[in-house]
Amino acid sequence: MRDAPYPERPDPSPQPSPERERGPGASEAGEAGYNFAYLDEGTKRMIRRAILKAIAVPGYQVPFASREMPMPYGWGTGGVQVTAAILGRADVLKVIDQGADDTTNAVSIRRFFARTSGVATTTRTTEATIIQTRHRIPETPLREGQILVYQVPIPEPLRFLEPRETETRQLHALAEYGAMHVKLYEDISRHGHIATTYAYPVEVAGRYVMDPSPTPKFDNPKMDQSPALQLFGAGRERRIYAVPPYTSVRSLDFEDHPFRVQEFTEPCALCGASGHYLDEVVTDDSGGRMYVCSDTDICETRVAEAAR
Amino acid sequence: MTALLTFQDVAKSFTLHLRGGVVLPVVGGVSLTVAPGECVVLGGPSGAGKSSLLKMAYGNYRCDAGAILVRDGQTVIDVARADPRVMLSLRARVIAYVSQFLRVIPRVSALDVVEAAGREGGLSEDEARARAKNLLARLNLPDRLWSLPPATFSGGEQQRVNIARGLIADRPLLLLDEPTASLDASNRAVVAELVHEKLAAGAGVLGIFHDSEMRDAVATRIVDVTRFAQARAA
Amino acid sequence: MSTPLLSAHGLTKAYGNRLACAGVDLDVTEGEVLAIVGESGSGKSTLLSLLAGELAPDSGSVRYRMRDGRSRDLAALGPAELRRLMRTDWGFVRQDARQGLRMAVSAGGNVGERLMGMGERHYGRIRGQALDWLGRVEIDAGRVDDPPSQFSGGMRQRLQIARNLVTGPRLVLMDEPTSGLDVSVQARLLDLIRRLSAELGLAVIIVTHDLAVARLLSHRIAVMRAGRVIETGLTDRVLDDPEHAYTQLLVSSVLAA
C-alpha cells in the first residue's frame, strides 16, 4: 500500500503575533538543496508509519530506522526526526531545552528547521503548533491540536534492571512490571522516599510502562489526560513512542509512598510565580543564588504583563 | 494375621559389578515372624547376614526373593516390593530403625535431633519436646550437651542420642542393630528398660545384640541365622 | 497415592546427534525431595531445564498440578501463564548466584521483587516480608540494604532461597546449590534447605553431583547416565545397595557418601 501524501495541517493560529519569526532566507522549499525539513519524503513516510503505530499502541516503543542527522547523538536526533516527519508548512515551531528557548541546543534546532523548512518559529507556547522539548513540559497548559515532541536518550524504562533487549520486550509483552517497582523500592530503602526526580516511570493507558524521557517528575502530572499529542523520539536507540491526547498517564508508586512532585518553597525571583518548576541560578562568586522559572516563555510573559 | 513382621522365604545376594559381576550370597530361605510384644533377637556369627535382614526389613537393602510383610494397621505391606513413597510412609509411622551409628546432621543440637525425630514420627511439638528431654535424661546424657550438635560427642554419647531418636515416637516395629555396642552397663540397663516398655505397649522388636547380658535381658526368642546363611547358596 | 505435583513422561532432548535426555520419566509431590545425580555431562542439568520449561523437549511432556487442583501440560500453557507460574508457585535456586539474583539490587529488593511482581504495592509490607525472610535464611537484618555483590558465596545462596520462597512456592528446583562453597558453609546451607523444605512441605528437585548432598537432603534419588535415568528409588537404598553397575561405580568413587 502506498502512503497518501501527508496532508497540510490548517494553521490553528491565523493571527500571527509580532514575536513570530521567519527563518533567515526562508523560501517555500526552505534553503536551496534541502528537501522540506531536511529528511527525504520516503524517510518521513517511514517515520510517520512508526508514529501512527505508536499512537495506536500508547506507550509501546516502536522501532524505526533512525537516520544520521547533521548533529551528534545526544543533541536530540530522535526528536528532530519526529519533528521533521510531522512538520507542515503552516506549522509554528517552538523548541525548548530544559524550559528555555534560548539555550544553544534549542536555538540551533529551531534555526535548523527554519533553514530547512522555512516554517515559522516562536518562543510562545500558546502560538506553537509543534513544540520540541528536551526535559520540560511548558507550564502553560497545552491545548488540542498541539504536538509535544520529546527528545529521548534512553527509551527503555527496564534497561537499568535488564540489559537484554529480548528480555525487556518479553517483559513489556507480558506486562511483567514488578521489576519496575524494585527501582522505587531501592530508592525508598536508600533515601527514605522515592528519590527519582526525573525519568520517573509512568504507566500509559493502564498498559505499557514508559520512560517519560529525562523530564523532571514535576511534569509527569501534565502528561496525564493532556489535550495535546505527545510523541517521543530516541535517535540512537531507534525507538518512537507516543501518548495520544486524553490518555491516562499514571506515575508508579507505592500505597504507603504515593507519587509526589517536587515542591518549591519560594516563588520565582523574576515573575513571582509559585507552582512552577524553578531552576537554581548562581548569581555571583560568593555563593549568592536565586530561583527562577525554568520555563522562560511563561516567566517573560508574566514579567511583561506585570510591567504593563 | 497378627504378626507385625513376617519374612517369607527371603533371599539376598550382592552382585559386585566392579569385580566382574561376582555374586556374593548373603542369606536364603529366611522365614521368621515378630509378633506384638515379642523381641526376636538374631543370633549367629558376624557376617552371617543379621544386619542385612534388618536393612531389608527397613527397605534399605533390596530383597531378591520372597516377601517381607509389615503390618500397617489393618493392612499388610510387602516391603520387598513397596513403592518408595509407601516405604517412606511406613518409616514415618510404623518402622523404627536404630543402628550403632548416629548419622550426624550438621549444626542441629542433640535435643533438636531427638525432638525432630519425634515430630517426624507424628508427635505434637510439645509432646516431642517433653519426650525428648525425658529420654535424654533417662539415658544419662548430661544437660550441658543437649543444646550442642552431637558431631563432637563421644561414641557412647552419640549412641544414646541415636537411641532416643529411634525410640521417641510410638512406632510399632523396632529394628535394633547393636544399639548398645559402646554403652556401659548402667546405660545398657536403661535401654533394656526402654525396650521392655515398648514391648509392654504392644510393639515388636527384631534386634541384634552381641552383648549376652543385654540379649538375655530383652530377648523373648532367639533366631540363629546360621541356617539362612547355609541356605543362601541353594 | 494422589496425583503427583509434577510428573514428566518420556522427556527427550537431543543436541545434534547427542542425546542429552532420553525418555526420562519422573515425578515429585509435596513434602518430597528428589535428587538427580550423575557426573557432569550426564544430562541432569538439561533435564532440569526441561522440567523448568526453559528448554522445549523434542518429545515427552511435563505435567503440573495447578493450585486449582487441575493437572496441566506445561507446553500447553501460554508464555505469560508459564512465567507467572515460575515466579509464584515455583522457585529455582541456581548454582551461580549471579544468575539467580540481581547483584546490584539490595538484598531486600531481591527478596521483594517477586512480591512486587505479584502486585504487592505496599512498601512497608514488602520490606517486612523481606526482613522476615532474611531472618529465616539467617541473614542479619542489618544487611537488608546491602547488595549481594557484597555477600559471601554462602550468603548469596541463602538470599536466593529467600528470594524464591517469599511467594510460598510449592515446587523448588535447585541446580547444584552447594557446589563451590566451603564445607562448613555447605553444611549450614544444607541444613537450611532441609529444614525449610520439611517445614513448608515443599516439593524439591535438586540436581547434584555430590552423593553426600543427595543423601542428606533427598528422600528419593534418580541416577542419570548419558541422558537416561538408569536407577531410581529410595535414596538410602540406592546409595547403600546400588543395583546398576554404574551406580556401584559412582558410590564407590566417593568417600563415605
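Student: Which chains have the most contacts among the 2 pairs of chains that touch?
Tutor: Chains A and C do. A contact is defined as two residues whose C-beta atoms, placed from the backbone, lie within 7 Å. The model is predicted: local features need pLDDT of at least 70, side-chain atom pairs count only at pLDDT 80 or more, and totals for chains, interfaces and linings use all residues. Residues are numbered from 1 along each chain as its sequence is written, while chains are lettered from A and ligands numbered from 1 in the order in which they are written.

Student: How do you know that chain A and chain B do not touch?
Tutor: Their nearest C-alpha atoms are 33 Å apart.

Student: What makes up the side of chain C that touches chain A?
Tutor: There, 18 residues of chain C are in contact with 16 residues of chain A. In chain C, α2 (79-88), α4 and α5 (123-136) each supply at least two residues of that side, and α4(C) gives the most, with 6 residues. Helices (H or I, at least four residues) and strands (E, at least two) are DSSP runs, numbered from the N terminus. By class, this side of chain C has 6 nonpolar, 7 polar and 5 charged residues. Ala, Val, Leu, Ile, Met, Phe, Trp, Tyr, Cys and Pro count as nonpolar, Asp, Glu, Lys and Arg as charged, and the others, Gly among them, as polar.

Student: Why is α5(A) called oblique to α4(C)?
Tutor: Helix α5 (residues 178-191) of chain A packs against helix α4 (residues 107-117) of chain C at an angle of about 140 degrees, with their axes 9 Å apart. That angle makes α5(A) oblique to α4(C): under 35 degrees would be roughly parallel, over 145 roughly antiparallel and 65 to 115 roughly perpendicular, and the rest is oblique. Residues that meet there include A:Tyr185 and A:Ser189 in α5(A), and C:Gly112 and C:Met116 in α4(C).

Student: What does the contact between chain C and chain B take from each chain?
Tutor: It takes 17 residues from chain C and 14 residues from chain B. On the side of chain C that touches chain B, the largest share, 4 residues, comes from α10(C). The residues of that side divide into 5 nonpolar, 4 polar and 8 charged.

Student: What makes chain B as compact as a globular protein of its length?
Tutor: Chain B has 9 helices and 9 strands. Its radius of gyration is 18 Å, close to the 17 Å that the globule rule gives for 234 residues, so chain B is as compact as a globular protein of that length. The radius is taken over C-alpha atoms, and the rule is 2.2 Å times the number of residues to the power 0.38.

Student: Why does B:Asn140 count as partly exposed?
Tutor: B:Asn140 has 14 C-beta neighbours inside 10 Å, so it counts as partly exposed. A residue is buried if 20 or more other C-beta atoms lie within 10 Å of its own, exposed if 12 or fewer, and partly exposed in between. B:Asn140 lies in the loop between α4 (125-138) and α5 (143-146) of chain B.

Student: Why is C:Ala226 partly exposed?
Tutor: C:Ala226 has 16 C-beta neighbours inside 10 Å, which puts it in the partly exposed class. C:Ala226 lies in the loop between β9 (220-225) and β10 of chain C.

Student: What is the phi of B:Asn140?
Tutor: B:Asn140 has a positive phi of about 60 degrees although it is not a glycine. C:Ala226 has a positive phi of about 50 degrees, and it is not a glycine either. Most residues other than glycine have a negative phi.

Note on methods:
Axes fitted to C-alpha atoms, helices over the stretch in contact; angles between N-to-C directions.
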